[in-house]
Amino acid sequence: MSQFGPDVTIDDAAYLHPTALVYGKVEIRKGASMWPYSVVRAESKNVVIGEYTNIQDFCMIHVGEETGSIIGSHCSITHHCTIHGCKIGDNCLIGINTTIMDGCVIGDNCIVAGHTFLKENTVIPDNSIVMGTPGKVVRTYNNYIKCRLNAFMYYRNALAYAKGEHREWASKENSEALHREIERLTAEQKTLEQSA
């Protein structure tokens with residue numbers, strides 16, 4: 001695990017790759033993971049990485065001039081993303097090579113397609129699928145299960161990497177755990193919909 005400065009708070013992260021760099025006022029919550037060459041800088045505002053959220057290889061998370069970067073729980077910030085002074089809700093998947101700029105607000109259960117560019121102060125409602133340059137909502141759909149499953153897979157992978165095991169996703173145990181999680185999340189979503 002990497003050693004960071006005094007303003008960095010880490011609460012039982014699942015895995016922090018030795019090449020991950022974290023500077024400034026940053027909070028990394030329980031079960032989160034940071035993968036090779038990911039970078040977080042918070043020289044003025046703050047950055048929060050939520051529980052069980054994964055920051056994948058070559059991501060850059062920075063603060064804006066007036067806004068920090070707050071990422072919710074059970075999110076996947078995939079390879080080569082730039083997250084700059086914005087807020088991302090819970091259970092979101094941000095696709096490969098996406099850029100999200102200052103003041104943007106992404107709701108819960110959203111998928112932002114790869115290579116999307118969200119210009120400053122864009123607001124995306126819950127349960128959206130977003131794509132384009134500039135990014136726009138192209139469909140409304142509750143992506144709760146899909147996004148949670150991706151985060152679940154990365155959490156399992158993070159725990160394996162922390163033990164030096166790099167083939168978790170090929171294991172029978174992982175396949176069985178994935179099927180159990182699908183059943184659990186499906187039942188959970190039905191309960192949430194019935195109580196809404």
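Biologist: Where does Asp12 sit, and why is Asp12 called exposed?

Modeller: Asp12 is in the loop between strand E1 (8-10) and strand E2 (15-16), strands being DSSP runs of at least two E residues and helices runs of at least four H or I, numbered from the N terminus. Exposed means over 50% relative accessible area, buried under 20%, and partly exposed in between, with a 1.4 Å probe and protein chains only. Asp12 has 55% relative accessibility, so it counts as exposed. Bear in mind this is a predicted model: local features need pLDDT of at least 70, side-chain atom pairs count only at pLDDT 80 or more, and totals for chains, interfaces and linings use all residues. Residues are numbered from 1 along each chain as its sequence is written, and side-chain values use heavy atoms, without hydrogens and water.

Biologist: How do you know that the peptide bond from Thr133 to Pro134 is cis?

Modeller: From omega, which is near 0° there. Most peptide bonds are trans. Pro134 is in the loop between strand E18 (128-132) and strand E19 (135-140).

Biologist: Why is the pair of Tyr37 and Phe58 called stacked?

Modeller: Rings of Phe, Tyr and Trp (its six-membered ring) pair if their centres lie within 6.5 Å; planes under 30 degrees apart are stacked, over 60 edge-to-face, the rest tilted. Tyr37 and Phe58 have 5.4 Å centre to centre and 15° between the planes, hence a stacked pair.

Biologist: What makes the crossing of H1 and H2 count as a contact?

Modeller: The axes of H1 (residues 144-162) and H2 (residues 172-195) come within 10 Å and cross at roughly 145°, the axes being lines fitted to C-alpha atoms over the stretch in contact, with angles from 0 to 180 degrees between N-to-C directions. Contact means heavy atoms within 4.5 Å, and the residues making it include Phe152 and Met153 of H1 and Leu178 and Leu185 of H2.
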